[in-house]
Amino acid sequence: EGGYRHPVPLQDAQQAIRRARQDADRYGYSRDRVGVMGFSAGGHLAASAMTHYDAETRPDFGILCYPVIQFGEKATHLGSQHNLIGKDADAETVKSLSCEKQVTKDTPQAFIWACATDQLVPSANAESFHAALRAPGVPSELHIFRQGWHGGGLCFDPTEGLPRAVWTVRRRDAAVGRLAHRLSRRGRRRQPRQNRLGAGGHDAPCEVSMVYEGGGVMNKFGI
């Protein structure tokens, strides 16, 4: 009856990290650039992997998207807590899986984002994990977007009308610009196309209410 409950999901995540490092040479990536990424309840699993690990299973970084972080708190998404550990879990188990309470100076660095208007998993979850990382000096970036809903993406949707994706569009345009430069040096000149937000997205209003940067997490890992 217990279903897919703790500690099975965490064990699966840890095994995935081991396997990714074992296969690094085979697939041509660096074994010291293996990270975890999760959305919503998956964000809680990713944060759990970042705070419960051994020498083989410590991820090098984490990307947490509107994550569930807190258990046993006002901002807790109770459905996620109950699905993972049941309604009658003891206080020690609840605390051990309240990820912001498990952060140490050795916790991997993170990139975190959420939306201030998320009605399902409050952005306080993301904020608490970022604050916990910053306290011992762990590099962390937190982006809280002013508008958006739970389960939203960072891609641009003209029907949505939210420029939440401005930063991703600009990153894409920068990559296109670099490609165009390389091609021009080879004698094959092409112009990068203009995106739907205007040239380079620079005319679009910024919808980011809070941006906390610490350590350039995304740039360090070339993401």
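This is a predicted model: local features need pLDDT of at least 70, side-chain atom pairs count only at pLDDT 80 or more; totals for chains, interfaces and linings use all residues.
1. Start with helix α3, which covers residues 41-51 and has eight of its 11 residues buried, so the rest of the structure largely encloses it. The buried ones are Gly43, His44, Ala46, Ala47, Ser48, Ala49, Met50 and Thr51. Their packing partners are the helices α1 (8-22), α4 and α6 (124-134), plus the strands β1 (36-39), β2 (61-65) and β3 (109-115).

2. Ser80 sits in helix α4, residues 78-85. Its relative accessibility is 13%, so Ser80 counts as buried, the cut-off being under 20%. Setting aside neighbours within four places in sequence, Ser80 touches Ala41, Val68 and Phe71.

3. On to charges: there are seven salt bridges in the structure. One of them joins the side chains of Arg18 and Glu56, at 3.3 Å from N to O. That pair ties together distant parts of the chain, with Arg18 in helix α1 and Glu56 in the loop between α3 and β2, 38 residues apart. Arg18 and Glu56 also belong to a salt-bridge network that includes Asp54. Arg18 is partly exposed, with 23% relative accessibility.

4. Asp60 and Arg21 form another salt bridge, 3.0 Å from N to O. This pair again links distant parts of the chain: Asp60 lies in the loop between α3 and β2, Arg21 in helix α1, and 39 residues separate them. Both Asp60 and Arg21 are buried.

5. Asp25 pairs with Arg31 in a salt bridge, their closest N and O atoms lying 3.2 Å apart. Here Asp25 is exposed at 64% relative accessibility, while Arg31, at 38%, is partly exposed.

Note on methods:
Residues are numbered from 1 along each chain as its sequence is written. Side-chain values use heavy atoms; hydrogens and water are left out. Helices (H or I, at least four residues) and strands (E, at least two) are DSSP runs, numbered from the N terminus. Buried means under 20% relative accessible area, exposed over 50%, partly exposed in between (1.4 Å probe, protein chains only). Contact means heavy atoms within 4.5 Å. A salt bridge is a side-chain nitrogen of Lys or Arg within 4 Å of a carboxyl oxygen of Asp or Glu.
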